[in-house]
Amino acid sequence: MDRIRITGGNRLSGSLPIAGAKNAALPLMAAALLTDETLELQNLPLLADIDTLANLLVQHGVTLTMKSVGVGEGHRSRSFVMSTPEITSTVAPYDLVRKMRASVLVLGPILARCGEAKVSLPGGCAIGTRPVDLHLKGMQALGAEIELDGGYVVARAPKGLIGDEVVFPFVSVGATENLLMAAALAKGETRLVNAAREPEVVDLAHCLMAMGAKIEGAGTDVIKIQGVDRLHGAVHPVIADRIETGTYAMAAAATRGDVELIGARPEMIKSVVEHLTLAGVTVEKTDAGMRVKADEIRGVDVMTEPFPGFPTDLQAQMMAMLATADGASMITETIFENRFMHVPELTRMGANINLHGRSAMVRGSRDLKGAEVMATDLRASVSLVIAALAAKGETVVNRVYHLDRGYERVEDKLAACGADIERISG
Ligand SMILES: CC(=O)N[C@H]1[C@@H](OP(=O)(O)OP(=O)(O)OC[C@H]2O[C@@H](n3ccc(=O)[nH]c3=O)[C@H](O)[C@@H]2O)O[C@H](CO)[C@@H](O)[C@@H]1O
Ligand SMILES: C=C(OP(=O)(O)O)C(=O)O
């Protein structure tokens, strides 16, 4: 299993390219199931999760060809040209779904197009139990009959889905996306109330609209979808990854560096920029993206919330950065019940963090020390990389496969900005 070795202490400086967003790309790829015409997705990141979903889609009958495109110095992105003349299997098997929760996003499109779908329940993961009840209740509201059988969701709507009002009791990104795709091909109007407003949901809505879907209100908490009989092909570029942007901004700040994030869109992470600014980090929009510079960092309180609030996917990275600040910070996680798996590992590096239920008290210090640490989930892994960049001495991060789910060429991008970092294969 690969590991990453980092010798900390170098200030990051230079420029670093931001890839297409994983969390936008995954639902967009699932949308290829909604049409028998060709969907071309551009600016896909080179990530393990993208390959995992591609394998699942091929199994459902999607024909997929890949183009690799150079988009700047040493930086490449991928385009997938996908077509699904016919869905050849309506079953998403456990072996493929268990590798990645986002696989459940094939439920809405397959059910809408075929009138039936059998999708393995994804199961829990390190950050929480993550049930899919809101996805299922939403499909039921559109007339689907749902049964759970042997670990699978068996959904049937032989006469097709019928639009209706779906009121989410709390915000779910995945359930909003699944319902958006299902409702695009349902009969009549669907209203999604208390819908997720994340930029990735908006990106999906834009792509569906380019495919002929009738959608109003994406980016607000009420989305109206007027179902159509069929969707057609489209070409759609995936938005820049706001979580990768925030991650490298925090890495730059933790090393008191000065880095330009090429292709970043600061308007998608306003809450993050506000918190970084409060912490004393300078963030400026530039022609090419966003520049981040820090000399000193002070403690700041952070609470994760659905968009437009501070994203849970940047909580661990913010904690690593604040572990190097002057002063204390209170970090509260409200989205996932178990998203503090990085705390014991950061503590092994000398971070002073105390957990009190869903809050962590972080007392900053400039004395983090390298250690051997274990990555537990995607964002926890990269938080250890950030702490290691700021720490004295050598850190080895084990179980790097988590990192490869969400960060492309992390070691190359950081090394190009002066980090002493290498991947140890094996
Ligand atoms: C591929 C992708 O885009 N993943 C993101 C997506 O995950 P995902 O779409 O899985 O996250 P949700 O927004 O659905 O989850 C929010 C909360 O709702 C709960 N819940 C969700 C659905 C449901 O049916 N029942 C239920 O109880 C979850 O356990 C969690 O506590 O949004 C999360 C919240 O911004 C991010 O951390 C993930 O990176
Ligand atoms: C939790 C994440 O992803 P997923 O929902 O695919 O597990 C993430 O991107 O931080």
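1. Lys 293 sits in strand E17, residues 289-293. Helices (H or I, at least four residues) and strands (E, at least two) are DSSP runs, numbered from the N terminus. The model is predicted: local features need pLDDT of at least 70, side-chain atom pairs count only at pLDDT 80 or more, and totals for chains, interfaces and linings use all residues. Residues are numbered from 1 along each chain as its sequence is written, and side-chain values use heavy atoms, with hydrogens and water left out.

2. Buried means under 20% relative accessible area, exposed over 50%, and partly exposed in between (1.4 Å probe, protein chains only).

3. Which residues does Lys 293 touch? Not counting residues up to four places away in sequence, they are Gly 257, Asp 258, Val 281 and Thr 282. Contact means heavy atoms within 4.5 Å. The side chain of Lys 293 also makes a polar contact of 3.5 Å with the side chain of Asp 295. A polar contact is a pair of N or O atoms within 3.5 Å; within protein, one must be able to donate a hydrogen and the other to accept it, and residues adjacent in sequence count only if both atoms are side-chain atoms. Asp 313 is 20 residues from Lys 293 in sequence and 22 Å from it in space, C-alpha to C-alpha.

4. His 342 lies in helix H11, residues 342-348. His 342 counts as buried because its relative accessibility is 1%. Neighbours within four places in sequence aside, His 342 is in contact with Gln 315, Ala 316, Met 319, Ala 380, Ser 383 and Leu 384.

5. Now the domains. The assignment gives domain 1 (23-237) and domain 2 (240-424); such bounds come from an automatic or database domain assignment. Their centres, taken over C-alpha atoms, are 30 Å apart. Domain 1 gives 19 residues to the contact and domain 2 gives 21.

6. About 1700 Å² is buried between domain 1 and domain 2, and carbon and sulfur atoms give 50% of that area. Buried area is the accessible area (1.4 Å probe) that two parts lose on being put together, summed over both.

7. The rule finds two salt bridges across the interface of domain 1 and domain 2. A salt bridge is a side-chain nitrogen of Lys or Arg within 4 Å of a carboxyl oxygen of Asp or Glu. Asp 49 and Arg 405 form a salt bridge through their side chains, at 2.9 Å, N to O.

Definitions and conventions:
Chains lettered and ligands numbered in written order.
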